[in-house]
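Subject: Structure handover

Hello,

Here is the structure for you to look at. Please open it first, then read the notes below.

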Amino acid sequence: MVASLSGTLALVVGLAVLLLPLLASELSRPRDAMWGAVVLLLGLTLVTSADRLTGSPMLAVLCGGLLIGRLGLEVLQLRWRALTSEEQQRLLSLERWQTSLSELLVSVARGIAAVSAASGTVLAALQRGGGSKGSSGKRWVRSDDGASSGEPARKPSQPDEAAASTPERTAEVTPTAKATPVVRSFAEIDQLLQAAVSQAG
């Protein structure tokens, strides 16, 4: 219970330190984002590991939290004293905080809009790429011979069928060209290869 409360408080403090340049730029310093991230990591660890922190580890966590809180308060007091009286009065005014919160909300809205536009663009690009890839794929069919032998066979194209059905016409048109064999299974390919090897030998 104590670990969960300490972790929640650390998460709130870390988020406040991260948002300090947007809310109170007079009190912020260049490395505040790094220390805010460290406090957020501490809070996340305390919240997720609350059931394992009992006894002396929990006492060590409490002592560390008190030390961090005390040092953070001293740093905040030093930064407050370094401000001029006009800056201090401006930070204490309600109008200043309303302006800072409105600017923060506008920044968050712009960030959400940019992320949604980028995600929409990426999804549209992925959908276009998937559609074109699916439409350009080759189609393979299984013939009767291939279905009986368990081997896939390519569907013959129309010029091959025309050449196989009318060999005389092909010979008349191109008398010097040799007839191209039509292959319908891997066994016929193997036979053609063996015949070519025997002729070459």
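At what angle do the axes of helix 1 and helix 3 cross? They cross at roughly 160° and come within 7 Å. That makes helix 1 roughly antiparallel to helix 3 (angles over 145 degrees count as such).

A word on the source. This is a predicted model, where local features need pLDDT of at least 70, side-chain atom pairs count only at pLDDT 80 or more, and totals for chains, interfaces and linings use all residues. Residues are numbered from 1 along each chain as its sequence is written, and side-chain values use heavy atoms, with hydrogens and water left out.

Helix 1 covers residues 2-18 and helix 3 covers residues 32-48. Helices are DSSP runs (H or I, at least four residues), numbered from the N terminus. Axes are lines fitted to C-alpha atoms over the stretch in contact, and angles run from 0 to 180 degrees between N-to-C directions.

Contact means heavy atoms within 4.5 Å. Helix 1 contributes residues including Ala3, Gly7, Ala10 and Gly14. Helix 3 contributes residues including Gly36, Leu40, Gly43 and Val47. By class, the contact has 14 nonpolar, seven polar and one charged residues. Ala, Val, Leu, Ile, Met, Phe, Trp, Tyr, Cys and Pro count as nonpolar, Asp, Glu, Lys and Arg as charged, and the others, Gly among them, as polar.

Best wishes

Note on methods. Helices (H or I, at least four residues) and strands (E, at least two) are DSSP runs, numbered from the N terminus. Angles under 35 degrees count as roughly parallel, over 145 as roughly antiparallel, 65 to 115 as roughly perpendicular and the rest as oblique.
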